[in-house]
Amino acid sequence: MNRSYFKTLVFLIGGIALLLVGTWQSEAQDHALKTFSGRAVDEAGDPVMGLPITLVSVFDGNGAWFPVHEDQDGSPIDPPTFRSETDAQGRFAIIDVITGPVLLMLPFENTAFQLLKVQIGGLFFYATGMRDRGIIFDVGQRDYIENIEVTVQSPHIRGKVERVNGTPIVDESVKLRVRTFSPNGRSSSSSGTHTDTEGYFRYYVNGGVEEPTFYTLSITYQGQTVTANPIVLKAGDPTHDIVFTFDGPAPPLPAQVKNFFSASASASIGGPGAVDVWVIRPENWHAYKMIKRQRWESAQAQAAAEGAYLVAINDESEQNWLQAVFGNEPTWIGLNDIAKEGQWQWDNGEPLTYTNWRAQEPHDPPDGDEDYVIMGPSGEWENVNLRNRRWLFIQTAIIEKEEPSLEK
């Protein structure tokens with residue numbers, strides 16, 4: 001990769017600001033950064049203690065940024081990661097040999113804060129995309145970068161979605177509707193959000209709260225809608241906690257489409273129409289569906305609840321068909337070696353008769369076993385460790401059902 005490419009312009013690529021620190025000149029001869037330091041503050045300018053500040057090496061994947069996962073010889077590795085935790089004054093310092101470009105981010109496991117902006121010298125850069133957590137830049141030829149100010153914000157509203165018996169609704173996609181009323185007028189918007197492992201989601205006001213404003217939030221989940229009482233947000237408020245309680249058990253899922261062949265025909269190749277729709281493969285009369293799931297275990301649980309299993313790919317023809325129908329989004333498949341290390345089998349118990357491993361896979365890094373498998377953008381398979389940050393970027397899984405019942 002020609003790194004001089006990163007030293008000439010400022011881009012907005014993949015929704016992430018690209019800061020070309022490499023345009024700053026230095027007499028350093030080794031072209032590596034040795035110190036990256038500054039402080040983290042909240043919106044009020046107060047220091048934030050105990051915040052992990054992380055740099056992750058990335059590369060330009062034809063207009064989108066990806067963590068570096070391969071060494072020069074092609075063998076898979078974890079991306080170089082550099083981290084420092086802020087002290088009582090909010091100060092941090094990463095002292096290491098760093099080459100760019102890198103992603104400045106808050107770790108995904110840290111959900112108490114969201115990255116708002118970064119000031120380097122007299123320039124401000126605002127995080128967008130990647131869940132509003134990252135700013136990418138090239139460290140260039142500078143020996144050190146100091147006095148960086150990282151501004152983070154707490155969520156303005158934290159919502160918990162639960163059932164009437166107090167059981168949280170975890171790892172689920174829900175629809176969020178927000179209505180506001182202020183002296184400047186009113187507005188309404190809808191978007192999707194996702195509950196975490198404790199049933200929480202977080203809502204941030206873009207640009208912050210400038211004046212007292214009434215907010216009314218509604219959550220829709222599996223056909224039911226719950227609306228919370230209005231609250232007033234004011235600048236400087238602590239996080240507001242709201243609980244959305246759904247009465248009774250979950251309603252039955254909507255009836256499946258009657259004609260699976262028409263569903264297959266209407267599903268755009270690799271497009272959003274193929275999500276949450278059963279599609280029949282005529283060769284084996286199995287039904288397949290892509291679902292929104294971030295975790296392998298929750299995808300497996302949903303598959304079982306629907307009388308299905310995580311997809312088992314048994315030959316090249318099936319592999320090619322899945323790519324044509326569901327596109328090239330990284331997705332969970334059923335292959336795993338959970339029961340016995342190195343003994344790969346499918347979620348439905350079938351033995352492994354066909355493989356489409358990426359080069360150098362399957363491969364276990366020194367930090368632990370990689371027991372779960374994804375099908376990557378190229379269709380090749382890669383085993384992953386759930387403790388690795390890579391799996392946090394995976395949003396979908398493909399499930400499979402044999403001999404689906406069809407309504408005549």
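This is a predicted model: local features need pLDDT of at least 70, side-chain atom pairs count only at pLDDT 80 or more; totals for chains, interfaces and linings use all residues.

Modeller: Happy to! Let's begin with two terms: strands (E, at least two residues) and helices (H or I, at least four) are DSSP runs numbered from the N terminus, and two strands pair if DSSP finds at least two bridges between them. In β20, for example, phenylalanine 246 is the bridge partner of arginine 163.

Colleague: What pLDDT does the chain average?

Modeller: The average is 76, and 72% of the residues score at least 70. pLDDT is the predictor's confidence in each residue, from 0 to 100.

Colleague: Where is confidence lowest, and where highest?

Modeller: Lowest is strand β1 (residues 12–13), with a mean of 30, and highest is strand β23 (residues 309–310), at 95. Residues 1–30 stay under 50, and the model has 70 contacts (heavy atoms within 4.5 Å) for them beyond four places in sequence. Residues 251–273 also stay under 50, with 32 contacts beyond four places in sequence.

Colleague: Back to β20, then. Which strands share its sheet?

Modeller: That open sheet has 3 strands in the order β16-β13-β20, with mixed pairing. Its edge strands, β16 (200–203) and β20 (240–246), each pair on one side only. Strand β13 (residues 157–163) pairs with β20 in the parallel sense over 7 bridges.

Colleague: And the open sheet of 5 strands, what order does that one have?

Modeller: The order is β7-β3-β12-β9-β10, again with mixed pairing. Here β7 and β10 (123–126) are the edge strands, each pairing on one side only. Further in, strand β9 (residues 114–120) and strand β12 (residues 144–153) are antiparallel partners over 5 bridges, and lysine 117 stands opposite threonine 151 in β12.

Colleague: Let's switch to rings. How many aromatic pairs are there?

Modeller: A search of the whole structure finds 11. Rings of Phe, Tyr and Trp (its six-membered ring) pair if their centres lie within 6.5 Å; planes under 30 degrees apart are stacked, over 60 edge-to-face and the rest tilted. Phenylalanine 36 and phenylalanine 92 make a tilted pair, 6.3 Å centre to centre with 35° between the planes.

Colleague: Which strands do those two lie in?

Modeller: Phenylalanine 36 is in strand β3 (residues 33–41) and phenylalanine 92 in strand β7 (residues 91–98), so the pair ties together parts that are 56 residues apart in sequence.

Colleague: Is phenylalanine 36 buried or exposed?

Modeller: Phenylalanine 36 is buried, at 0% relative accessibility. Phenylalanine 92 counts as buried too, at 4%. Buried means under 20% relative accessible area, exposed over 50%, and partly exposed in between (1.4 Å probe, protein chains only).

Colleague: What about the pair of tryptophan 344 and tryptophan 357, how far apart are the ring centres?

Modeller: Their centres are 5.3 Å apart and the planes are at 65°, so this pair is edge-to-face. Both tryptophan 344 and tryptophan 357 lie in the loop between β24 (331–336) and β25 (372–375), so the pair ties together parts that are 13 residues apart in sequence. Tryptophan 344 is buried at 14% relative accessibility, and tryptophan 357 is buried at 17%. Ring pairs also link Trp344, Trp346, Tyr354, Trp357 and Trp381 into a cluster.

Colleague: You mentioned β25. Which strands pair with it?

Modeller: β24 pairs with β25 in the antiparallel sense over 3 bridges, and strand β26 (residues 381–384) pairs with β25, also antiparallel, over 4 bridges. Methionine 375 in β25 is the bridge partner of threonine 331, and in β26 the bridge partner of methionine 375 is tryptophan 381. Both faces of β25 are covered: Tyr372 and Ile374 on one side and Val373 and Met375 on the other are all buried.

Colleague: Which residue takes a positive phi in the hairpin of β25 and β26?

Modeller: Glycine 379 does, near 95°, in a hairpin with 5 residues between the strands.

Colleague: Last one: where is glycine 307?

Modeller: Glycine 307 is in the loop between α2 (296–305) and β23, and it counts as exposed at 54% relative accessibility. Glycine 307 and glutamate 400 are 93 residues apart in sequence and 9.0 Å apart in space, C-alpha to C-alpha.

How values were computed:
Residues are numbered from 1 along each chain as its sequence is written. Side-chain values use heavy atoms; hydrogens and water are left out.
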